[in-house]
Amino acid sequence: MDKFYCEYCGRDFRNVRQLTLAKCDRHPDGPNRGNHSPAL
Ligand SMILES: [Zn+2]
C-alpha cells in the first residue's frame with residue numbers, strides 16, 4: 001500500500017487528502033500555520 005509523506009515533517013498518511021487537510025507542526029511559516037505538503 002502506498003504511503004504519502006509530508007515534505008516538512010516526514011509524517012506519513014494513507015492518502016493525499018488526509019495529508020493536505022491536516023496542520024503541519026513543521027510548516028515553513030511556523031508550527032501549525034499551514035497544512036502538510038506532499039513530498040513527491
Ligand atoms: Zn507536515
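## Getting started

Two residues are in contact if their C-beta atoms, placed from the backbone, lie within 7 Å of each other. With that in hand, we can start with glutamate 7, which touches Ser37, Pro38 and Ala39 once residues up to four places away in sequence are set aside.

Residues are numbered from 1 along each chain, in the order its sequence is written. The model is predicted, and local features need a pLDDT of at least 70, side-chain atom pairs count only at pLDDT 80 or more, while totals for chains, interfaces and linings use all residues.

## The overall picture

Following the sequence, the pattern is β-β-α-β-β. Along the principal axes, the C-alpha atoms fill a box of roughly 30 × 15 × 10 Å.

How much of the chain is buried? Of the 40 residues, 10% are buried. A residue is called buried if 20 or more other C-beta atoms lie within 10 Å of its own, exposed if 12 or fewer, and partly exposed in between, with C-beta atoms placed from the backbone. As for contacts between residues at least 6 apart in sequence, 27% of them join residues at least 24 apart.

## Near the start of the chain

Let's look at lysine 3, in the segment before β1 (4-5). Lysine 3 counts as exposed because it has 10 C-beta neighbours inside 10 Å. Not counting residues up to four places away in sequence, lysine 3 touches Asp12 and Arg14. Threonine 20 is 17 residues from lysine 3 along the chain, and their C-alpha atoms are separated by 13 Å.

Glutamate 7 sits in the loop between β1 and β2 (12-13). Which residue lies 32 residues from glutamate 7 in sequence, yet 4.5 Å from it in space, C-alpha to C-alpha? That residue is alanine 39, and Ala39 is also among the residues that glutamate 7 touches. Glutamate 7 has 13 other C-beta atoms within 10 Å, so it is partly exposed.

## A positive phi in a loop

Next comes asparagine 32, placed in the loop between β3 (23-24) and β4. Its phi is near 60°, a positive value in a residue other than glycine.

Is asparagine 32 buried or exposed? Asparagine 32 counts as exposed, because it has 12 C-beta neighbours inside 10 Å.

## Strand β4

Glycine 34 and asparagine 35 bring us to strand β4: glycine 34 lies in this strand, and asparagine 35 is found there too, with the strand covering residues 34-35. Glycine 34 is partly exposed because 13 other C-beta atoms lie within 10 Å. Leaving aside neighbours within four places in sequence, glycine 34 is in contact with Cys24, His27 and Asp29. Lysine 23 is 11 residues from glycine 34 in sequence and 5.6 Å from it in space, C-alpha to C-alpha.

Asparagine 35 has 15 C-beta neighbours inside 10 Å, so it counts as partly exposed. Which residues does asparagine 35 touch, not counting those up to four places away in sequence? They are Thr20, Leu21, Ala22, Lys23 and Cys24. Asparagine 35 and leucine 19 are 16 residues apart in sequence, and 7.6 Å lies between their C-alpha atoms.

How values were computed: Helix = DSSP H or I, 4+ residues; strand = E, 2+ residues; numbered from the N terminus.
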